[in-house]
Amino acid sequence: MSASGTGGAATHDAVRPDGDARALAAALAALGLPCNVEARAGLAVLSAGPASLPRFANAGARRALLALAATHGFTHLAVELADDRHFDAPAPRAAVHRD
Amino acid sequence: MTDAATLAAEKERALAAWLASRAPVAIGFSGGVDSAYLAVVARRALGAEGVIAIIGRRASYPAEQWATARRVAEQFEVPVLELDTDELADPRYAANPSNRCYFCKTELWSRLVPVARARGFGTVVDGTNADDLGDHRPGAQAAREHAVASPLADLGFTKAEIRLRSRELGLPTWQQPSSPCLSSRLPYGTGVTVERLGQVERAERALRALGIEGDLRVRYHGDLARVELGRDTLERWLDADNASALAQAVRGAGFARVALDLRGFRSGSLNVLHGVGAA
């Protein structure tokens, strides 16, 4: 087996820095969409409660939100589907655990 | 016949000729769109004695895809051989670096090629197509190192042409979504384990049971599952009741939290997240 280049050696991948969760949250609040923003490297997880889901249903609105997230350093944007039984806006969490 | 259909048919004739000139042929067979098409064309061109489709069974291979592979082989009378691979035993693979696929394919071909040659199949091929050539594909180097050929790529077959010809041949895989191995659901740097693979597989199976068709990925982010759906189905699942059912299904697979990706399915999504591009 070749030990050259990217083949035989395990690539040591750099950790992508977190996007700016605070700035994105402020921008969303200014648009009338207050929510917690959790940064996991390039992924922003929005926690806004079940009642907010219709805000994301429109394709144009989603495109605008994705563009907004990109300006704050995020490549991915996801909305959390909270457990309806005991939804509670979560506090911002630390970066994702890595092995 | 349209120009596209004519071109695809011409390529298929060239493929049959390519295979005939190198028979007998062993195919690395997963039951995905590409290898299924390749196996059926080979069977038609070479007969049952001239081809064998070899399935590598491993923890990252979805059970549904194995079932599809067996169905296709049975329907089109393609001889099949199964062998077990154990890439998880390689810590370089299990660490899940961005060239993980190199170690996976090395494990596969290092087992498959000798088995094929021992049975008299001097030519070993895979289902890589021309559209794959621009992607981040560290597994391709492993194929080259083991002298595995990629006739679909060499003859310029696009995915669209493979689907078009598959439909003409009556293959049930013609409109099957792409189905990479389950390890592709784990971000680079998150160790690949049997437990994590099983978790994402259970989650995806539960979502299929809800009626989600087309592109679907459950991306693993530790306690959080990020669900990518086809963009044409995303809106439906942002309805409160549907979202609740979706979340419940994924939590049932063992995830504490569930999030729906607002862009929808993106091939190579985790490559983008890690800033990994094509070589």
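Tutor: Before we begin, helices here are DSSP runs of H or I with at least four residues, and they are numbered from the N terminus. The model we are reading is a predicted one.

Student: In which loop of chain B is B:Thr173 found?
Tutor: With helices numbered in that way from the N terminus, the position of B:Thr173 can be given by the two helices on either side of it.

Student: Is B:Thr173 buried or exposed?
Tutor: Leaving aside its neighbours within four places in sequence, B:Thr173 is in contact with B:Gly31, B:Val33, B:Ala36, B:Thr68, B:Val72 and B:Arg163. Its relative accessible area is 1%, and since a residue counts as buried under 20%, B:Thr173 is buried.

Student: How many Å separate the C-alpha atoms of B:Thr173 and B:Asn242?
Tutor: Along the chain, B:Thr173 and B:Asn242 are 69 residues apart.

Student: Why is strand β2 of chain A largely enclosed by the rest of the structure?
Tutor: On one side of β2(A) stand A:Leu43, A:Val45 and A:Ser47, while A:Ala44 and A:Leu46 stand on the other, and both faces are covered. The strand spans residues 43-47, and it is largely enclosed because five of its five residues are buried.

Student: In which sense do strand β1 of chain A and β2(A) pair?
Tutor: The pairing of β1(A), residues 36-40, with β2(A) extends over five bridges, and A:Glu38 is placed opposite A:Val45 in β2(A). These two strands form a hairpin with two residues between them, and the sense of their pairing is antiparallel.

Student: Which residue of β3(A) does A:Val45 stand opposite?
Tutor: Four bridges connect β2(A) with β3(A), residues 76-80, and these strands run parallel. Together with helix α3 of chain A, residues 59-71, they make a right-handed β-α-β unit. Within β3(A), the residue opposite A:Val45 is A:Ala78.

Student: What is the phi of A:Ala41, which is not a glycine?
Tutor: A:Ala41 sits in the loop between β1 and β2 of chain A, and it is buried, with a relative accessible area of 17%. Although this residue is not a glycine, its phi is positive, at about 55 degrees.

Student: What is the relative accessible area of B:Ala147?
Tutor: B:Ala147, which is not a glycine either, has a positive phi of about 55 degrees, and its place is the loop between α6 (139-145) and α7 (151-154) of chain B. The cut-off for an exposed residue is over 50%, and B:Ala147 is exposed, its relative accessible area being 52%.

Student: Are α1(B) and α2(B) roughly parallel or roughly perpendicular to each other?
Tutor: The axes of α1(B), residues 3-20, and α2(B), residues 33-46, come within 9 Å and cross at roughly 65 degrees. The contact involves several residues, including B:Leu15 and B:Leu19 of α1(B) and B:Tyr37 and B:Val41 of α2(B). Angles of 65 to 115 degrees count as roughly perpendicular, and therefore α1(B) and α2(B) are roughly perpendicular.

Student: Which residue does a cis peptide bond join to B:Ala23?
Tutor: The bond has an omega of about 0 degrees, and the residue in question lies in the loop between α1 and β1 (25-28) of chain B. The residue joined to B:Ala23 by this cis peptide bond is B:Pro24.

Key
Residues numbered from 1 in each chain as written. Chains lettered and ligands numbered in written order. Predicted model: local features only at pLDDT ≥ 70, side-chain atom pairs only at ≥ 80, totals over all residues. Heavy atoms only, no water. Buried < 20%, exposed > 50% of the residue type's maximum accessible area, 1.4 Å probe, protein only. Pairing = 2+ DSSP bridges. Right-handed = clockwise from strand over helix to strand, strands pointing away. Axes fitted to C-alpha atoms, helices over the stretch in contact; angles between N-to-C directions. Parallel < 35°, antiparallel > 145°, perpendicular 65-115°, else oblique. Contact = heavy atoms within 4.5 Å.
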